[in-house]
Amino acid sequence: MPARLVIEGDSAHIEGSLTFPDVRRVLAEFERALAVRTGSTLEVDLSGLTRIDSGGAALLDEVTERGRGRNVRVAYTGACDEVAEIRRIFSSGAGARVAERERAGLLQRCGVWGYHTWAGFLEFLQLTADTFYWSFAGLVSKRGGRKGAFVTQALLIGVDALPVVLTISFLVGAILALQSAAQLRQFGANIFVADLIAVSMAREMGPLMTAIILAGRSGSAIASEIATMTVTEEIDALKTMGINPVRYIVVPKFYAISLCMPLLSILATLVGILGGLIVAFLYLDLTPAVYTREAIEILTAKDIVTGLVKSVAFAGLICTIGAHYGFRVQGGAEGVGRTTTASVVAAIFAVVVADCFFSLIFYF
Amino acid sequence: MIEIKGIEKSFGDHQVLAGVDLTVGTGETMVILGRSGCGKSVLLKLVIGLLKPDSGQVLVGGEPVPYDRPGDLFRMRGKFGMLFQAAALFDSLTVGENVGLGLKENTSLNAGEISRRVKEKLLTVGLDGAEFLKPAELSGGMKKRVGLARALAMDPEYILYDEPTTGLDPVMGGVINELIRDLQHKFRATSIAVTHDIHSAFRIGDRIALLHEGRIVHVGTVAETKATRNPVVEEFIEGQSG
């Protein structure tokens with residue numbers, strides 16, 4: 001006999017066989033009953049049920065969930081042993097888990113967040129250590145590395161980024177010159193524009209702007225590539241073949257970005273100084289020869305070295321943060337997008353914090 | 001032989017495996033059936049050490065899987081071949097490079113020998129001459145076959161199949177089932193296949209286990225599985241047949 005639902009006030013009972021073909025109809029009847037009540041209890045007597053299958057068990061779970069949405073507590077009573085056993089086997093238990101989550105307090109949620117953040121940080125440290133280890137090991141033995149990957153990555157990270165890095169650095173140099181010229185001209189100190197541009201580009205703006213561009217460009221590419229490989233199980237496939245994914249995927253990128261970043265920073269610094277030169281020539285009546293001589297005289301070896309040290313450190317941060325987020329991805333395409341965005345934000349944040357740290361240790 | 005003893009695994013609050021016990025005999029093909037999301041693939045990843053169980057252990061050839069010793073784990077994986085659900089081929093490599101990658105990285109074979117082995121494995125799966133194609137140029141069924149060739153490349157003692165027919169049309173699914181069956185007869189590797197496809201399970205399995213709510217609720221031969229009165233198995237078979 002098909003299931004028959006009878007509702008009387010705050011109680012109801014089901015008779016017959018509650019199986020998949022009845023689910024839609026009985027759910028609609030329950031829905032109508034729930035729609036007219038809020039904030040009460042609906043007691044459902046299951047003693048009349050002669051049979052139930054997984055569809056029926058899922059229906060009862062669904063009614064509980066919909067009741068919760070309307071603030072109605074649905075209680076089932078009177079089920080015979082067989083029905084209770086089938087319900088236990090096929091129940092999703094989702095209702096109990098939702099209720100458990102709802103009970104979690106602010107302190108507990110903070111604790112969970114803190115635990116996951118700390119675990120993520122430890123994983124990042126582990127990945128960084130692995131990357132350094134395999135980078136040095138790769139200099140000794142080529143086994144386990146990826147032939148040709150370094151050149152490919154260097155072209156992608158370095159050569160392809162050249163136009164945008166040079167354009168932005170030129171504009172930054174020109175903007176710095178324009179902003180400072182307005183002040184310096186009042187004191188007849190036009191010549192110091194060359195000093196300001198040279199020092200700020202070499203120490204700070206060259207490495208920093210290059211790092212921010214590469215964090216957005218190459219950091220996102222690293223994160224999304226590894227994240228995609230993770231969700232498509234390519235990383236698992238590497239592991240099952242006895243290939244270390246850090247050595248095979250991350251290390252070539254680490255080599256490439258560690259080489260390209262200082263070179264791009266040097267070029268960015270030179271082009272930024274050129275941008276300042278053009279502004280100085282057009283608006284401050286400084287000749288290129290005077291500007292160039294002043295810029296060269298003010299720069300010290302320390303300025304150049306600190307800029308290079310910073311750019312290598314930024315390169316390591318961008319690569320390992322991108323890889324870290326890539327390996328930690330969860331979900332499918334949406335997860336890849338989310339982790340890529342998070343990796344770029346984290347990389348830029350880390351670069352700025354590291355830059356602050358370097359300024360402290362180098363100049364104070 | 002692969003022995004799974006009391007394996008439990010949770011992700012956050014969600015317990016996926018709640019004490020799984022299963023033994024797969026040498027040369028046997030065990031199919032683990034279960035609904036989507038019931039933890040079948042998780043179980044497979046625990047066997048090969050891609051995930052670590054919360055409790056319990058997996059013995060491969062009598063040796064426990066060394067989850068905490070990465071070096072030993074990588075060596076142990078050399079005994080395994082695995083076919084992934086979506087084949088997991090590397091887009092940047094050709095078919096031949098995909099199949100030969102494990103050989104290139106883990107053996108001292110020269111390029112000529114690797115190329116010969118790659119051709120042989122591709123011939124085995126019916127893709128002779130496909131070694132210079134890129135994965136993007138292949139159909140779903142061809143990708144599965146390349147994945148199969150890659151799993152066989154190292155002549156593994158153990159083969160794991162993760163949803164071998166998922167995403168394929170019934171005809172191509174049948175072709176893959178026959179191919180797996182032929183390979184089992186030919187290589188006699190100890191194998192575990194996880195699937196929710198009952199037809200595939202009956203075709204390729206020597207024995208069938210049903211994973212439900214984190215536990216194995218039935219183990220038996222194909223005939224025993226068809227004849228069982230276990231309500232969960234009946235439900236699964238009827239649901240699939242209908």
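**Charged side chains of chain A.** Chain A carries 31 positive and 32 negative side chains, with the centres of the two sets 4 Å apart; Lys and Arg count as positive and Asp and Glu as negative, while His and the chain ends are not counted, and each charge is placed at NZ of Lys, CZ of Arg, CG of Asp or CD of Glu. In this predicted model, local features need pLDDT of at least 70 and side-chain atom pairs count only at pLDDT 80 or more, whereas totals for chains, interfaces and linings use all residues. Residues are numbered from 1 along each chain as its sequence is written, chains are lettered from A and ligands numbered from 1 in the order in which they are written, and side-chain values use heavy atoms, with hydrogens and water left out.

**Overall form of chain A.** Chain A has 13 helices and four strands, where helices (H or I, at least four residues) and strands (E, at least two) are DSSP runs numbered from the N terminus. A compact globule of 364 residues would have a radius of gyration near 21 Å, but the value for chain A is 32 Å; this radius is taken over C-alpha atoms, and the globule rule is 2.2 Å times the number of residues to the power 0.38. Along the principal axes, the C-alpha atoms of chain A fill a box of roughly 100 × 55 × 35 Å.

**Backbone at E233(A).** E233(A) is found in the loop between helix 8 (192-231) and helix 9 (234-240) of chain A, and has a positive phi of about 70 degrees although it is not a glycine. Because its relative accessibility is 12%, E233(A) counts as buried (buried means under 20% relative accessible area, exposed over 50%, and partly exposed in between, with a 1.4 Å probe and protein chains only).

**Overall form of chain B.** Chain B has nine helices and ten strands, and its C-alpha trace spans about 55 × 45 × 30 Å along the principal axes. With 242 residues, a compact globule would have a radius of gyration near 18 Å, and the 18 Å of chain B agrees with this. Of these 242 residues, 55% count as buried.

**Surroundings of Q15(B).** Q15(B) belongs to strand 2 (residues 14-24) of chain B and, at 40% relative accessibility, counts as partly exposed. Leaving aside residues up to four places away in sequence, Q15(B) touches E8(B), K9(B) and S10(B), a contact being heavy atoms within 4.5 Å. The C-alpha atoms of Q15(B) and K143(B), which are 128 residues apart along the chain, are separated by 33 Å.

**Contact between chain B and chain A.** The contact takes 32 residues from chain B and 26 residues from chain A, and the area buried between them is about 2400 Å², of which carbon and sulfur atoms give 54%. On the chain B side, F74(B), F90(B) and E105(B) lose the most area to chain A, together 23% of what that side buries; buried area is the accessible area (1.4 Å probe) that two parts lose on being put together, summed over both.
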